[in-house]
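Hi,

Here is the structure I promised to pass on.

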Amino acid sequence: MSTPDRTASGNDRKYRPDFGLSSASAARVYDALLGGKDNFEADRNAAEVIEAHLPHSRAAAALNRAALIRGVRYMARVAGVDQFLDIGCGLPTMKNTHDAAQEVIPDARVIYVDNDPMVLSHGRALLADNKTTTVITADLRDPTYILGHPGVSAFLDFDRPIGLLVVGMLMHLHDSEKPNEILAELVRPMCPGSHLFITTWLDTGHPAQHALSRACLEALGTGWLRSLDEVYDHFLGMELVPPGVEYLSRWYPEDPDGPAVMPFEEFEPYHWTLMAGIARTSSGAGD
C-alpha cells in the first residue's frame, strides 16, 4: 500500500476549523481531566463542573485511558491486529493508541479521527516523523465520510483485520442519532478477524452514573446513559472477547500481565461509571 500525502489527507474541507474558544469540547475537557495543557478556560470550567458532580472524575478519565492501552495491546499482541482506526481519539495527553500498538508491532498503522481541529493540529505536530500514523478531521456521526476519506482508504487495507476504536464516544450520541447504525456502517466493510473496541457509560441505577450524566449534559450538552442491554447492543451481536463487557477496573482482555480484578466491595463511586468490551467480527458483521 502507498502512504498517502499526510498534508492532503488532513485537508478536510467538510470540517472547517472552529476552535470554539468560548465553548467546551469533549476532546479538550477530557484533556483537562487528564491533566493536559491543550485546553481553554471553557474546557477547564467544564471539567470543574464534572468534578463537582462526580468527585474523582479525573481518576475515571485516567481509568478510561488505561483501558484504551490494554485494549490496543490485546488486539496487537494476542489478536495480531496491525492496523487501527481510532475515532474520537482526543488530544495526545498521555500514551495513546499508536504508542501501545507500535510497542508490540513497530510498523502498525494507526489513523486517528476527531472533529476537533486542535486534535488535527497537535496530532500532526506530534506525529510528523511517524510515517505509519496519521490524523484526519471527521465526525463519528458521518461514517460514510470517514470510510470514503482518501486518508483512510489509502492507509488501511480492508482485506486484512482492522481494530476499530470508539472509546469514550457513544455516550455523546443521542438515541435519535442511531449510534448502532453508525457502528454497523463502520464495521460492515471490515473483514473477519477485525475487532470493535468500545468504552462507554452505563445505567444500572447507581447514583454516580446519573451524577456524571447530569454533569456532562450541563457542561457539554451531551452525555447520555444506556442500560447494560443497550451497551451489549453496541457490539452488534458479534463475539465478545473474554471477559466480555465489564467495568474498567475489572476488564483485562486475556491479559496475562493484568493485575487481579478489583472486587466490587472496593469500588469507589467513579468505578461504576464506565465499562469496556472488545468484539470480533465475522462474515456478515454489521449486517
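The charged end of Arg-109 sits over the ring of Phe-155, 4.7 Å from the ring centre. By that I mean NZ of Lys or CZ of Arg within 6 Å of the ring centre and within 35 degrees of the ring normal. Arg-250 does this with Phe-264, where the distance to the ring centre is 4.0 Å.

Before going on, two notes on the source. This is a predicted model, with local features needing pLDDT of at least 70 and side-chain atom pairs counting only at pLDDT 80 or more, while totals for chains, interfaces and linings use all residues. Residues are numbered from 1 along each chain as its sequence is written, and side-chain values use heavy atoms, with hydrogens and water left out.

Rings of Phe, Tyr and Trp (its six-membered ring) are taken as a pair if their centres lie within 6.5 Å; planes under 30 degrees apart are stacked, over 60 edge-to-face, and the rest tilted. That rule gives seven aromatic pairs. One of them is Tyr-247 with Phe-267, edge-to-face at 5.7 Å centre to centre and 90 degrees between the planes. Tyr-247 belongs to strand S7 (residues 246-247) and Phe-267 to the loop between S7 and strand S8 (274-280), so this pair ties together parts 20 residues apart in sequence. Helices (H or I, at least four residues) and strands (E, at least two) are DSSP runs numbered from the N terminus.

The cut-offs are under 20% relative accessible area for buried, over 50% for exposed and partly exposed in between (1.4 Å probe, protein chains only). Phe-267 also pairs edge-to-face with Phe-264, at 5.3 Å between centres and 65 degrees between planes. Phe-264 itself is partly exposed, with a relative accessible area of 37%. Ring pairs link Tyr-247, Phe-264, Phe-267 and Trp-272 into a cluster.

Gln-209 is buried, with a relative accessible area of 1%.

Residues making the contact include Ala-46 and Val-49 of H3 and Ala-211 and Leu-212 of H10.

Last, have a look at Thr-199 in strand S5 (residues 195-201). Thr-199 is buried, with a relative accessible area of 0%. Its C-alpha is 5.2 Å from that of Gly-168, 31 residues away along the chain. Leaving aside neighbours within four places, the contacts of Thr-199 include Asn-64, Leu-248 and Met-275.

For the chain overall, there are 11 helices and eight strands, and 55% of the 287 residues count as buried.

Cheers

How values were computed. Contact means heavy atoms within 4.5 Å.
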